[in-house]
Each structure stands twice: as structure tokens, then as C-alpha cells.
Amino acid sequence: MKWASRIAWTFLILVYLIALAAPWIAPAGYADQFRDHAGESPSARFPLGVDELGRDRLSRLLYGTRVSLFLAPAAATISVGLAFVIGMAAGLATPLLARTLDLFIDLMLSLPTLFLLLIARAMLPLNTSPLSSVLVTFLLMGALGWPAAARVLSGASRALLGSTFLLQARALGCSSGRRLTIQILPNLWPLAMAQFFLLVPIFILAEANLGILGLGVSEPLPSWGSMLSELTNPAAISRAPWILAPAGLLLTVALSFHIAGKQERAFS
Amino acid sequence: MRCFSPFLYAALLAGQALAQTGGELHFALSDDPKTLDPLQVTEEPSDAIRYLTSGMLVRIDRKTFELKPELAESWTVSEGGRRISFTLRSGVRFSDGSRLDAEDVAYTLRRILDPKTQVPAGDQLRPEKGAPVVAVLNPREVSLLLPNPVGGLEALFDAIPILSSRSPLQEKAGLGPFVLSEYKRGAFLLLKRNPNYWKKDEGGRQLPYLDAVRIEIQQNREIEMVRFRRGELHLMSALDVDSFDQLGTSHGAIDAGPTFDSEMVWFNQVSTSPIPAYKKKWFQSAAFRLALSEAVQREDIVKLVYHGRATPAAGPFSPSARPWVDTRLKPPAFDPDGASRRLAAAGFRKESGVLKDSAGNPVEFSLITNSGNRNRARMASLLQQDFQRLGIKLNIVMLDMPSLIERISRGFQYEACLLGLTGTHLDPNDQLNMWLSSSSDHVWNPHQSTPETSWEAEIDRLMREQSSTSDTKKRKPFIDRFQAIVHDQAPIIYLVHPDALVAVSSRLGNAAPSVLRPRLFWNVEQIYLSDGNTAVRNKP
């Protein structure tokens, strides 16, 4: 399956490059309204057609890709960072502290993340700019998305503690710090990377869910989620199938991350 | 063509000749009725059941907006609008067979006027001071004397169901065309024909034509649409524009014309609200509000958001509210240059594309609206672009409804709000709560102990004057003056009045959609089901 991983990586890099180049290659600004062309089908001027408010869909898709593809990995980094620290502590700490941390992880796992996000969005200052609000949204996703990864990492840490190579190192007089840096961290790293690749598509989809609820990225800033909200009208899909483009891109990117992550998991 | 033609009644009469008896009408409600007690109705599903099962003394004709006799064959208003006397129709029986007489009407009126019961149906009749007197003059005549005159007194009886004072079935003994037969919560309500219903058609045939009405509880509008297309449902009310376009006029979609509903924007003018003082100063400036109203392209909202199925709004009354709307007032014309001049005269100036007030503060504010409403999200985006032309930065914030209500009614932590107002009644008193400065529904600045501006004091006076006069001709000048003040001060920027979009099966005869609720089954006793080929449709 190495070839599949290569294709996935190539596709992801290509999408990232295109998204980075959005200000130069987008035919129009993401907020520009061409009201006389509202709802038009794809044409040479508007390759993906025009939305109901007269905005060029291709331009919005390019800018929306930047939002979703850059912020989801950032949020995943926060989550995996937190999961790494808390999970490893839960796996390696004294029994009492380990039990407390496990309880904390379980508690966080049971929280309804979507509702917490909705509450947090409702508490944001009203004049928060669209960019700030999307940054806060992804920051919250990152801060709330770590418990599942932490559970995996704490389990792996415990398994490492009982491994023969770590016992041998201890018997040879290797210090705790050295065992952590030389033997534990390198063994947990591939697992953390795999968790990262799992979380990226999850966060992309979470933002899309918030967008469909109308609580994602604020107008006029586009994101895949806000663009997917057009799909809540099934009649529009049969009338204008090109509005499926963000869904297709999201699906392909999520699949690519999954394949790339699978390779990481295979290594781990 | 948006409204029904005057030939409607000719068609209705023709429909009566062709009408077939029997069959079961099917339609859906989005929620279970909260109550089956007709006096406690506060929401649409309960109102639908009340309309189908209860009898009223008078009814507002949903097409002509004229008051028509029902259980009362005549009535008189006297003593300057303080007294109303009804003469009841003879031979009317409740669904349990018991006879209707003046004691029943008196019993109902006493129940709704009792301040202890707080029956919603009597809200507008219960006086703040003094006690109303209900008197039975004879078995067919009853009168009500109020301490003060009430505007549009007789029309209020369109929403007061008459109950039996003697029936052991109590409020279950109805005077409407149908009686509740079966109710499975969350699934359906089955209403059967009332065998004792008093109405007959022109040919002397017993009404209603239908045997039963089955009301499904269906929250998913997509499923409702699919079932309508399959012919499993015969009516659909409150279609959104996308569903309306999807269905098409050739498949039963009907535009009944502009509703009494309004989509509107208002600014937070509460003096104690936790927003910066300089922003309050903007919002309290009529010039600022009027300039923003002029900057709105209402025609674009009609075209892009409602696909042409709405009307630009000039004020609180839609063009359908014919007796009350002041047709001399037009929606503010889109005039960005005029808006800029007005703002400049009020001390605002544009620097590098950014509008600033006289103290140099850039004009930026947030607009909250409820999430999940596609039309409002689209309108907010259009407003954002329209205001940007003036150099104003508008931040759109979507909030879930409870958070939004909390902000606009208790914490006042908001700057501007985009919401809709649902107009359920034609009479201006329906909007009284919104316009009285002391009211909790006076959205831009509620609960004022004394009016904070002279124009709000004037609106208070006009609304009170009109509500204490029963003669429509005498009330109209007050309402016109009120509309002129709202037009000149723009405490609310009215955007559009959406059309009433409904769907009616081709199997239904005598269906005549109206903009006034209930839009589709207001003449349910005359509606009939055909085999699909012979129905008379009263299309525009």
C-alpha cells in the first residue's frame, strides 16, 4: 500500500500549495458579491458557478480550503500535545495519580464536545472578527479533542513500562530521565503521529458540522463547513451538482489523511 | 398573479355543486399541540386543532378580512365600544347533542374574563381596572359590558371558542366541524365529522363534506414534502422558497401573497445596556438609523433570498393588511449617496473607506441572528455588503435561539438584531405589545417607566387612543400617524414581508389559501376530496 500513501501525500501537498496560492489564483475575492449573476451555472468566468448571493464558488472554495486545511492540523497538534503529556503521565505515574488522571480522561471523554463548542461560541464577544472566531473555534476543538488520544497513549505507556527492554535498562542502572528520552518517547512518537493523522479529518468534519448548524466560521469568511451548508437543500444538489465540490474535496482530503495516517500506524 | 381573484366566491359556489361527500383530509403539523383546551391555546398546532373543533360567535373571512356571523347571527357594539351584544343562531347543538344558548356564551366569557385563570384567549378583553359585566338577556341574547372601550372589539371573538356550560364532556363538547376522535402523541390526531354541526351548504347539504381529518405530527419538512408529492398529504403550509421552487406551481405550490410577517433589524437603544456609550449614541440617532435603512437593497433581498416571493417592507403593516396599511408610505429607496449625505450631516465622516463618528470611532457593530435560518443568514450577508458601501463594518453573529433571546430580552448584550415578527392577526392591537414603551416586547428599548423620547410618547398615545376606539374609521387616522412616525424615526428597519407559500393537492376542492392563519383550512367545512379528476381548484 506504499503507492496509496504516496498518492495521498502528493494530493495533500498539492491541495496545500493551491490553498496557499489562493490570493493569487482565485478569480475573485471570497466576499465579492456579483448579485446580477446569483445562482449562475459554471462558466468561463465562474468555473464552479455562483452561489445564491452572487459569490464565486471557486474563490470561496480556495479560501475555505485555507481555513479548514491549516487550522485543523493546528488544532490536531494542540490535541496530540495535550494527549501526549496527560496520557504519558497517566501511564507512567504512581498508581494514585494514574487513577486520578484516568478518571479525568474519562470525564473529558464523556463531555458533549459539540455542545461545549456551541456554548463557547455563544460566549465570544460579539465583535470578534471572523478570523478570530475561527481561530478560537479551532483552538477550542484542539483543547477539547485530546481525551481519546490520551487514552491510547496512556495504555501504550503502561505497556511500555512492563516491557523487557525497559526492565533491562533499569537493571543496568539507566536513570529515569534517560529511560524517558531514549526509550519511552521514541516508542510513543509514531503512535502520537498516528493520532494526529486521525484527528485532522475529525476536526475538519467537526468544523463542517458547526458550519451546517450555522455556527461555524462567521460570514463572509468561507470554510468547507459553511459551503457544505448549501447541501442541506437536496433539491439544489440535483439542480446544481457542482455545489458538491467542497464535499468531494473534503472527502478526498479526509481519505488522504486516513491513508497517510495508516502508513504512520503501520510504522508504529 | 399573487392574490386570489374576486371570482373566488363564484368558484366556491360552483365547487359546492360539484362537491363530493366523504374522504379523509391529511396534512401535517410540525409539533404536537401543547394543549387541547381551546381556551389555553398559545401556539400554532393547538390553534389548528381549536380551529377545526371549536365554534366562534363570529369569524374573520380569511379572504375578504370581513367579519362574518357564525354562532351569532348578529351583533351590535354600543356605548362607545364598551358594550357588545350577540344574538345567537337558533337550533345550534354541541357535538354531544346539547343545545347552545346564551348561558353557554356567558359561561365562556366569565371563564376568560376571570383574572385568576389568566386564559390567553381573554388577554385583550381583561381590563386593567374595573370589572366587566356579562348579562344573559334571554336564551338567545347575551351582552358584555367592559369598563373601557376596546378597539376592534368584535374581531376579538374570532379567537374565543364557545364552551358548553352543562355538558359532562366540558371543553370536549365542541361546536366546530370536527371532533377529536383519536390522539397518539408524536404520531397523529384523528378528527371525525361533528354529526351535530350547524352549517349547511347552499344546496342544503350537511357540512362538512369531509368525513375526517388526519393530522400527522411530522417535524421533518423533507419527509412532509415527499409525502405530499406521493399524494399521502393534501396540504402543506409555510413552505420555504426552496421547497416552493422545487415543487413548482404546476404541482400544487401556491403563492397566496404577502403575509403579515416582517423581517426586520433593530438596534439596541437600552440606556443601561453594556455596550460602549458612543455606539448607543449612534443607535439612538434617527439619522443613523434612517441612513442605514436607505443603504439596504430590499429588492436584492426579495430577489436573492426569497426568489421574488416577498415584498419590500415600508413599515409594520404588509400590503395585505389592507384596512390598516398606509399606502402612501413607500419602502425606503436604495440610495447610498443619500445615506452618506445623511450620515455626514449627523457628524460622521469617511476616512480611507472607513466611516468614523465625530469622535473618530470607526463605525463597526455586530448583528446577531438565530442560527439555522438560511434566509436570515443570507439577508445578513447582503446587509454586510450593503453597509460596507458606507464604510461600516458589520460583524455577523449566529446564535442559538436561547442565547439570542437571553441577549435581547434580559442581558441586552447585543448591538443590532435581525429577526422576524410573525403577524397572526390583522388588527393593529396584535402589535400593541411591541409598540408600547412600557412593554417587554418593545424590542429596541423595553420596560421604559416613562417614554425616553417624544416620538415614543406619541406612539404610546396613538396606540392607546386607537385601542380604546371601536370604530375602524376613527382608528385609522391614529394608525396612519403611527406608521408615519415609525417611517420617520426607523426604530426598526423593516426589510421584507415574505409571501405565504403553501401547497394544495389537486384532489382538493374549494381550497382557498389565505395569508391569514390558518392559511389552508380556514374553510375546512367546504373543502372536499375528489377522485383526482373532478376537483375544482380555486386557483388565482
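Pro518(B) is found in the loop between strand 21 (508-509) and strand 22 (528-529) of chain B. The model is a predicted one. The peptide bond that leads from Arg517(B) into Pro518(B) is cis, with omega near -5°. A cis peptide bond also joins Leu207(B) and Pro208(B), where omega is about 0°. Pro208(B) belongs to the loop between strand 9 (188-193) and strand 10 (212-217) of chain B.

In general, most peptide bonds are trans and most residues other than glycine have a negative phi. Ala238(B), with phi near 50°, is found in the loop between strand 11 (235-236) and helix 5 of chain B. Phe412(B), with phi near 55°, is found in the loop between helix 11 (401-411) and strand 19 of chain B. Ala238(B) has 17 C-beta neighbours inside 10 Å and therefore counts as partly exposed. Phe412(B) counts as partly exposed because 18 C-beta neighbours lie inside 10 Å.

**The two chains**

Chain B contains 14 helices and 22 strands, whereas chain A contains 12 helices and zero strands. The table sets out further values for each chain.

| Property | Value | Chain |
|---|---|---|
| Box filled by C-alpha atoms, along the principal axes | roughly 75 × 55 × 40 Å | chain B |
| Box filled by C-alpha atoms, along the principal axes | roughly 80 × 45 × 30 Å | chain A |
| Buried residues | 48% of 540 residues | chain B |
| Buried residues | 37% of 268 residues | chain A |
| Share of contacts with a separation of 6 or more that join residues 24 or more positions apart | 70% | chain B |
| Share of contacts with a separation of 6 or more that join residues 24 or more positions apart | 68% | chain A |

**Sheet and strand pairs in chain B**

Four strands of chain B form an open sheet in the order 4-5-7-6, with antiparallel pairing. Its edge strands, each of which pairs on one side only, are strand 4 (72-78) and strand 6 (133-138) of chain B. From one strand to the next, the twist averages 15°. Helix 3 (residues 102-113) of chain B packs on this sheet and touches strand 5, strand 6 and strand 7 (141-145) of chain B. The direction of helix 3 makes about 180° with that of strand 6 of chain B.

Within the sheet, strand 4 and strand 5 (residues 83-88) of chain B are joined by six bridges in the antiparallel sense. Ala72(B) has Leu88(B), in strand 5 of chain B, as its bridge partner.

Strand 19 (residues 416-421) of chain B pairs with strand 13 (residues 262-267) of chain B in the antiparallel sense, over six bridges. In this region Val265(B) stands opposite Leu418(B) of strand 19. Strand 19 of chain B also pairs with strand 17 of chain B, in the parallel sense and over two bridges. There, Leu367(B) has Ala416(B) of strand 19 as its bridge partner.

**Nonpolar cores**

The largest nonpolar core has 93 residues, of which Leu52(B), Leu57(B), Leu71(B), Val502(B), Ala503(B) and Ile527(B) touch the most other members. Strand 20 (residues 492-504) of chain B gives the largest share of this core, five residues. Apart from this core lies another, of 56 residues, among them Leu117(A), Leu153(A), Leu191(A) and Val200(A).

Beyond its neighbours within four places in sequence, Ile527(B) is in contact with residues including Leu25(B), Tyr209(B), Leu210(B), Leu508(B) and Phe521(B).

**Where the chains meet**

The contact between the chains takes 26 residues from chain B and 20 residues from chain A. On the side of chain B that touches chain A, two or more residues come from each of helix 5 (241-247), helix 8 (298-305), strand 17 (364-370), helix 10 (374-388) and strand 18 (393-399) of chain B. Helix 10 of chain B provides the largest share of that side, seven residues. By class, the side of chain B that touches chain A has 10 nonpolar, nine polar and seven charged residues.

Conventions: Residues numbered from 1 in each chain as written. Chains lettered and ligands numbered in written order. Predicted model: local features only at pLDDT ≥ 70, side-chain atom pairs only at ≥ 80, totals over all residues. Contact = placed C-beta atoms within 7 Å. Nonpolar A, V, L, I, M, F, W, Y, C, P; charged D, E, K, R; others polar. Core = buried A, V, L, I, M, F, W, Y, C linked by C-beta atoms within 7 Å. Buried ≥ 20, exposed ≤ 12 C-beta atoms within 10 Å, placed from the backbone. Pairing = 2+ DSSP bridges. Axes fitted to C-alpha atoms, helices over the stretch in contact; angles between N-to-C directions.
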